[in-house]
Amino acid sequence: MDIFSEAINREQYEKCYDESLKLFGIPANSFNIETTYGQTHVLQFGDPKLPPLVLIHGYAMSSAIWYPNVPAFAKQYAVYAIDIIGDIGKSIANQVILQSEQIVEWLHEVLDQLELDKVYLAGHSIGGYISLRYSLTHQSRIIKLVLYAPAASFHRLSLKFFYYAFPGFLFHTEKWIDRAFGSLSSHNKPLNEVFREQLIAGFQHSMPLFRLYPVKIDEEQFASLKLPVLIMIGEEELLYPAVKAMDYARKVLPHAQLLLVAGANHSFIFEQPNVVNKATLTFLGYS
């Protein structure tokens with residue numbers, strides 16, 4: 001069930017994906033593993049003997065989005081960047097993904113296949129939502145959890161998001177795609193051109209099977225989550241009111257570290273990498 005209707009479209013997308021990997025500036029081990037939900041693509045950076053840090057990207061972005069962060073992370077961790085099954089990327093799903101239980105089971109299988117018993121886990125946007133859902137179910141497997149602008153989770157998605165960004169996910173012209181990602185940016189900053197080419201190649205020629213809709217998580221579900229958590233949200237976040245999301249996070253996870261990123265929107269992980277990398281490594285144990 002390839003999300004690309006024609007082999008030539010996948011070939012073109014993967015060519016752009018491989019070009020994006022050059023942005024990392026460090027070598028990556030690229031491989032696929034089999035799960036119940038299909039073939040999952042993984043990028044591994046750094047010494048595999050170091051503690052494992054697993055990264056889950058935002059919707060349609062693929063693991064290539066971590067290029068400003070991984071070089072710093074890989075100095076202290078064995079980094080595993082995973083392409084979400086069914087999403088635009090190199091993973092290939094064998095079914096539609098609609099339920100959070102499916103994606104949690106998928107990630108559990110991936111960690112099993114990678115033989116990672118306990119990991120540091122970090123996710124951006126929908127990847128943050130997945131990481132949080134996984135941690136609520138399999139807390140014992142997570143050492144520390146980092147959430148970058150998690151989709152919904154602490155507040156329902158806003159109407160502004162659907163007005164400004166969502167059309168870009170429906171109308172796959174360059175104009176609408178640029179409008180969508182511009183609305184998620186701070187001050188409409190343009191995407192890196194190499195990465196932009198990858199996004200366009202994916203949006204214009206694919207129909208993702210990953211269709212999980214993120215929702216605000218009820219307070220009672222957080223009661224047993226005791227592991228260390230860092231939550232970073234841009235003060236100009238488009239997906240939801242940043243302050244209200246932080247207030248709810250503080251209520252349901254009083255032990256969590258919260259960081260409101262100044263002058264930042266949803267895309268701060270690659271627009272303010274120095275802030276992200278320093279805060280992350282300090283939280284995880286390295287400064």
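**Close-up views of helix α8 and its contacts**

**View 1. Helix α1 crosses helix α8.** α1 passes α8 in a left-handed crossing. The model shown here, and in every view below, is predicted. α1 covers residues 7–21 and α8 residues 193–205; their axes lie 8 Å apart, at an angle of about 160°. That angle makes α1 roughly antiparallel to α8, because angles over 145 degrees are classed that way.

**View 2. Residues in the contact of α1 with α8.** On the α1 side, the contact residues are Asn-9, Tyr-13, Cys-16, Tyr-17, Glu-19 and Ser-20. On the α8 side they are Val-194, Phe-195, Glu-197, Gln-198, Ala-201, Gly-202 and His-205. By class, the contact holds 6 nonpolar, 5 polar and 2 charged residues. Tyr-13 and Tyr-17 of α1 also belong to an aromatic cluster, which ring pairs build together with Phe-4.

**View 3. Helix α7 packs on helix α8.** The axes of α7 and α8 are 11 Å apart and meet at an angle of about 120°. α7 is therefore oblique to α8. The crossing of these two helices is right-handed. From α7, the contact takes in Glu-174, Ile-177, Asp-178 and Phe-181. From α8, Arg-196, Leu-199, Ile-200, Phe-203 and Gln-204 take part. The contact of α7 with α8 counts 5 nonpolar, 1 polar and 3 charged residues.

**View 4. The aromatic pair Tyr-67 and Phe-195.** The model has 11 aromatic pairs. In one of them, the ring centres of Tyr-67 and Phe-195 are 6.4 Å apart, and the planes stand at 50°, so the pair is tilted. Tyr-67 sits in the loop between β3 (52–56) and α2 (70–73), whereas Phe-195 belongs to helix α8. The pair therefore ties together parts 128 residues apart in sequence. Tyr-67 has a relative accessible area of 15% and is buried. Phe-195 is buried too, at 1% relative accessibility. Phe-195 is also among the α8 residues that meet α1.

**View 5. The aromatic pair Phe-181 and Phe-203.** This pair is edge-to-face, with 65° between the planes and 6.0 Å centre to centre. Phe-181 lies in helix α7 (residues 174–183) and Phe-203 in helix α8, so the pair ties together parts 22 residues apart in sequence. Phe-181 counts as buried at 5% relative accessibility. Phe-203 is likewise buried, at 2%.

Key: Residues are numbered from 1 along each chain as its sequence is written. This is a predicted model: local features need pLDDT of at least 70, side-chain atom pairs count only at pLDDT 80 or more; totals for chains, interfaces and linings use all residues. Side-chain values use heavy atoms; hydrogens and water are left out. Axes are lines fitted to C-alpha atoms, for helices over the stretch in contact, and angles run from 0 to 180 degrees between N-to-C directions. Helices (H or I, at least four residues) and strands (E, at least two) are DSSP runs, numbered from the N terminus. Angles under 35 degrees count as roughly parallel, over 145 as roughly antiparallel, 65 to 115 as roughly perpendicular and the rest as oblique. A crossing is left-handed if the near helix is turned anticlockwise from the far one by less than a right angle, and right-handed if clockwise. Contact means heavy atoms within 4.5 Å. Ala, Val, Leu, Ile, Met, Phe, Trp, Tyr, Cys and Pro count as nonpolar, Asp, Glu, Lys and Arg as charged, and the others, Gly among them, as polar. Rings of Phe, Tyr and Trp (its six-membered ring) pair if their centres lie within 6.5 Å; planes under 30 degrees apart count as stacked, over 60 as edge-to-face and the rest as tilted. Buried means under 20% relative accessible area, exposed over 50%, partly exposed in between (1.4 Å probe, protein chains only).
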